[in-house]
Amino acid sequence: MDVYSYVCVLLLCSCVVLGKPTLRKERVHHDPLELIKQANEDNQSFQFDHEAFLGKEDATTFDQLTPEESKDRLGKIVDRIDGDGDGYVTITELKAWIKRVQKRYVYENVAKVWTDYDLNKDNKISWDEYKQATYGYYLKSSPL
């Protein structure tokens, strides 16, 4: 072997020996006091936050997962929220994520109830159709 080959082998061996493996960042707070210090005014009910963060349907799905599966999926979601990929979620990134989830929920909800309100199936909802779909029972039972 020539000198060039020895140098290449030496560099390759040093890279293998001195190379640092990529470590996965831990996303779990292990210090319970760190979380207790934060203000909490929701009377121990985290359902609203859960649904705001994930969306109503995904929140229901997460309720049925094991803790390990839930942690893994939340880690993937955090990676999606972290827009600049720096390993941290900023307030701006979190607000953008929550707005996106809420907007998706509104669109899905409108699509679900549209057929209930569009009684004559003309792809338009008139005031009379809205009143009938919303207050139909009361309108029928009213003596007026």
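Modeller: Happy to! Accessible areas here come from the Shrake-Rupley method with a 1.4 Å probe, and for residues only the protein chains shown count as cover. By that method the accessible surface of the protein comes to about 12,600 Å², with 60% of it belonging to carbon and sulfur atoms. Please keep in mind that this is a predicted model, in which local features need pLDDT of at least 70 and side-chain atom pairs count only at pLDDT 80 or more, while totals for chains, interfaces and linings use all residues. Residues are numbered from 1 along each chain as its sequence is written, and side-chain values use heavy atoms, with hydrogens and water left out.

For context, the protein has seven helices and zero strands; helices (H or I, at least four residues) and strands (E, at least two) are DSSP runs, numbered from the N terminus. Of its 144 residues, 12% count as buried, where buried means under 20% relative accessible area, exposed over 50%, and partly exposed in between (1.4 Å probe, protein chains only).

Now to the salt bridges. Side chains of opposite charge can pair when their charged atoms come close. The term stands for a side-chain nitrogen of Lys or Arg within 4 Å of a carboxyl oxygen of Asp or Glu, and a search of the whole structure finds three of them.

Lysine 76 is exposed at 52% relative accessibility, whereas aspartate 72 is partly exposed at 32%.

Arginine 104 is partly exposed at 34% relative accessibility, and glutamate 108 is partly exposed at 33%.

In helix α7 (residues 127-141), aspartate 128 and lysine 131 lie three residues apart, about one turn of the helix. The closest N and O atoms of this salt bridge are 3.6 Å apart. Aspartate 128 counts as exposed, with 53% relative accessibility, while lysine 131 counts as partly exposed, with 28%.
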